[in-house]
There are 2 protein chains.
Amino acid sequence: MLTRPDVAVVGAGPVGLAIAWRCAARGLRVTVHDPAPGSGASHVAAGMLSPVAEAYFGEHELTGLLAESAARWPRFAADLAEASGADVGYRADGTLVVGLTADDLAEARRLWSYQQGLGLPITPLRPSELRDREPALAPRVRGGAVAPGDHQVDPRRLVPALRAAAERAGAVLRPARVGALSEVDARVTVVAAGCGAADLTGLPVRPVKGQVLRLRAPGRGAPDFRHVIRGYADGESIYLVPRDSGEVVVGATVEERADTEVTAGAVLRLLRAAVDLVPELAEYDLVEATAGLRPGTPDNAPIIGSLPGRPGVLVATGHHRHGIVLTPVTADLVTELIVTGEPDPLLAPFTPDRFGKERRWN
Amino acid sequence: MLTRPDVAVVGAGPVGLAIAWRCAARGLRVTVHDPAPGSGASHVAAGMLSPVAEAYFGEHELTGLLAESAARWPRFAADLAEASGADVGYRADGTLVVGLTADDLAEARRLWSYQQGLGLPITPLRPSELRDREPALAPRVRGGAVAPGDHQVDPRRLVPALRAAAERAGAVLRPARVGALSEVDARVTVVAAGCGAADLTGLPVRPVKGQVLRLRAPGRGAPDFRHVIRGYADGESIYLVPRDSGEVVVGATVEERADTEVTAGAVLRLLRAAVDLVPELAEYDLVEATAGLRPGTPDNAPIIGSLPGRPGVLVATGHHRHGIVLTPVTADLVTELIVTGEPDPLLAPFTPDRFGKERRWN
């Protein structure tokens, strides 16, 4: 590409690649800069699309964006399958939220009552209903609820599919690290570099470590349970994401650390909670234990929009634990902003200028 | 090597390599046949030299051989260091045997009373003495004993050291798999192929799966404890082997299976017991989870000596959980048998003919 691109995207995770794909599909000339596409938080992510089960106290505006993006996912997945020829493992089996002990159930209930109060689709189940839906749950699980609209995709299939779609639409991948925005020459630069956005923009993005396990059903069949299971088990909050391949993702710790070591204590806590909730997992192979760094922000919400004082620079980062579910809406809104120059009102709560003086320029 | 070798050793684990080294050092022409030296049980082994803590009810003759070989280890390690220029991590810090709960302690006591009855060096400690020796033990550990003569080496340093010593002495490594003894042409063939000995000889050697973890102290310093710790923790029997490098080996399951998958349930049980006994291990990195196959025999004792009906074929296999500790005595006795043609009386309980009609020829 000899001419100056219209859009340079820094970061080839799901968010960056989806923006590149959508922009290229709109006829813009796009470059994507990343020495190792898909090697950031998405490589470790489980891929839950959970606007309901991830609706926490005090995060009202984020909850709205999660719901908006989750609603876009079925169409996004279908478009992507058509554009890339690849399947990203979208599954709509729904999510069960369960509590192991009476205390765990009380904690779970407190949250789903709040979610019901927001009008979100989550329905408490009688223990017999819970077991009918998922016989693999341990008999001692005290109770639960179903969030039928909380689905899943496979992030490790998402990244190559997005890359194929972006490249087929004409985007060019540049496998090099960008150390400063001055190294990039384009009409618009989009910083979608996850934790790397902090150094590039001065925005308050910090790494939040997560440790995740991958199990595999013996004999390589599918796991015996179909739902995503989010559980509280003796105070530990974990999720179990079953895939058709036989994989079960077990996660995740949330640690204010920037290393990516896997620790004995974290693996112990994840395995103990997983086996307490679904005993058959003890017989599964443990095939991977990994740690990744989520791009966290002071208010746990993403940072999407124009970087103040830096004309031509947009950011799309800080997606923390929600990068996969927020990929469609982020890509759509950023692409619209680039094409029209006008921010969608949906973006208002998430713009970079909300951090005011906290920002330091690099 | 164009002339027919005096000795062909099938299998380049510690036992096979040590025999090759000792024979070559005696002036014999030696070949060693293995496509992947050190890739069998020794790759997973912890390297405990535990004649006392491994003295179990009903294994009187094995206990004697373990003690004999452990007594040879200091000299063997020194000779090997001189011959190879490498250090095998021999450490004489001793072993603590501990029980977490009252039930665990009762089980441990029953065994060490038996061991004391045999005159073996194991001494019960008062709880305060136990903590003085090893402050890293959990406060709830109920009690324990010390076996000062139970030491350790690092099997992953042992194999390359033995290989270097054997090659320096003139042994030639042939990196190919031996599918049948007819493929090997030598005056004497020694089958030291671990589990592979079953197919080569028809002897009743079976794989016994063991799952083992390797942790690493944070910051890469040495672990905070010096002793090998063998513990009973809520009915789980485990060991913790600290190394100067910061590594701690945590093992091991004993499973009548022939696969080498790492399972979630086994990792959970090992980690739970490890952290219950030494809480600081929760903060250690989990760097490896592996499974290996020990060569087990009907009476848990090794098979060493001439193969009946097959002149010129010796076997040295079936070392089960004791391959590392038994390496010196096995190498010495097999070498003497080859050189003199006369079996040492020590070998009498361990010869292949003890299985009589159970043997099937291949």
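Visitor: In chain B, how are α1(B) and α3(B) oriented to each other?
Guide: This is a predicted model. In it, helix α1 (residues 14–25) of chain B packs against helix α3 (residues 60–84) of chain B with axes 13 Å apart and an angle of about 70°. Angles of 65 to 115 degrees count as roughly perpendicular. α1(B) and α3(B) are therefore roughly perpendicular.

Visitor: Which residues of α3(B) meet α1(B), and what is the handedness of the crossing?
Guide: From α1(B), the residues in contact are B:A18, B:W21 and B:R22, and they meet B:F76, B:D79, B:L80 and B:A83 in α3(B). By class, the residues of this contact are five nonpolar, no polar and two charged. The crossing of α1(B) and α3(B) is left-handed.

Visitor: How are α3(A) and α9(A) oriented to each other in chain A?
Guide: Helix α3 (residues 60–84) of chain A and helix α9 (residues 327–340) of chain A have axes 7 Å apart and pack at about 90°. With that angle, α3(A) and α9(A) are therefore roughly perpendicular.

Visitor: Which residues of α9(A) does α3(A) meet?
Guide: The contact of α3(A) with α9(A) has five nonpolar, two polar and three charged residues. On the α3(A) side are A:L65, A:E68, A:S69, A:R72, A:W73 and A:F76. Their partners in α9(A) are A:T327, A:P328, A:V329 and A:D332.

Visitor: How does α1(A) lie relative to α9(A)?
Guide: The axes of helix α1 (residues 14–25) of chain A and α9(A) come within 8 Å and cross at roughly 45°. The crossing is right-handed. An angle of 65 to 115 degrees would count as roughly perpendicular and one under 35 as roughly parallel. α1(A) and α9(A) are therefore oblique.

Visitor: How do the residues in the contact of α1(A) with α9(A) divide by class?
Guide: α1(A) contributes A:P14, A:V15, A:A18, A:I19, A:R22 and A:C23. α9(A) contributes A:T327, A:T330, A:A331, A:D332, A:V334, A:T335 and A:I338. The division is eight nonpolar, three polar and two charged.

Visitor: Which are the edge strands of the eight-stranded sheet in chain B?
Guide: The sheet is open and its pairing is mixed, with the order β5-β6-β4-β11-β12-β13-β10-β14. Its neighbouring strands are turned by 25° against each other on average, direction ignored. An edge strand pairs on one side only, and in chain B these are β5 (123–125) and β14 (285–296).

Visitor: Which residue of β14(B) stands opposite B:Q211?
Guide: Strand β10 (residues 206–216) of chain B and β14(B) pair in the antiparallel sense over eleven bridges. Opposite B:Q211 stands B:A291.

Visitor: At what angle does α4 of chain B run to β11(B)?
Guide: Helix α4 (residues 102–117) of chain B lies across β4 (95–99), β5, β6 (143–147) and β11 (228–233) of chain B. Relative to β11(B), α4 runs at about 125°.

Visitor: In chain A, which residues lose the most area to chain B?
Guide: The two chains are in contact through 18 residues of chain A and 18 residues of chain B. The area buried between them is about 1,400 Å², of which carbon and sulfur atoms give 65%. Together giving 34% of what the chain A side buries, the residues that lose the most are A:A264, A:L268 and A:L286.

Visitor: Where is A:A252, the residue that a cis peptide bond joins to A:G251?
Guide: The peptide bond from A:G251 to A:A252 is cis, with omega near -15°. A:A252 is in the loop between β13 (247–251) and α8 (264–277) of chain A.

Key
Residues numbered from 1 in each chain as written. Chains lettered and ligands numbered in written order. Predicted model: local features only at pLDDT ≥ 70, side-chain atom pairs only at ≥ 80, totals over all residues. Heavy atoms only, no water. Axes fitted to C-alpha atoms, helices over the stretch in contact; angles between N-to-C directions. Helix = DSSP H or I, 4+ residues; strand = E, 2+ residues; numbered from the N terminus. Parallel < 35°, antiparallel > 145°, perpendicular 65-115°, else oblique. Left-handed = near helix turned anticlockwise from the far one by under 90°. Contact = heavy atoms within 4.5 Å. Nonpolar A, V, L, I, M, F, W, Y, C, P; charged D, E, K, R; others polar. Pairing = 2+ DSSP bridges. Buried area = accessible area lost by both parts, 1.4 Å probe.
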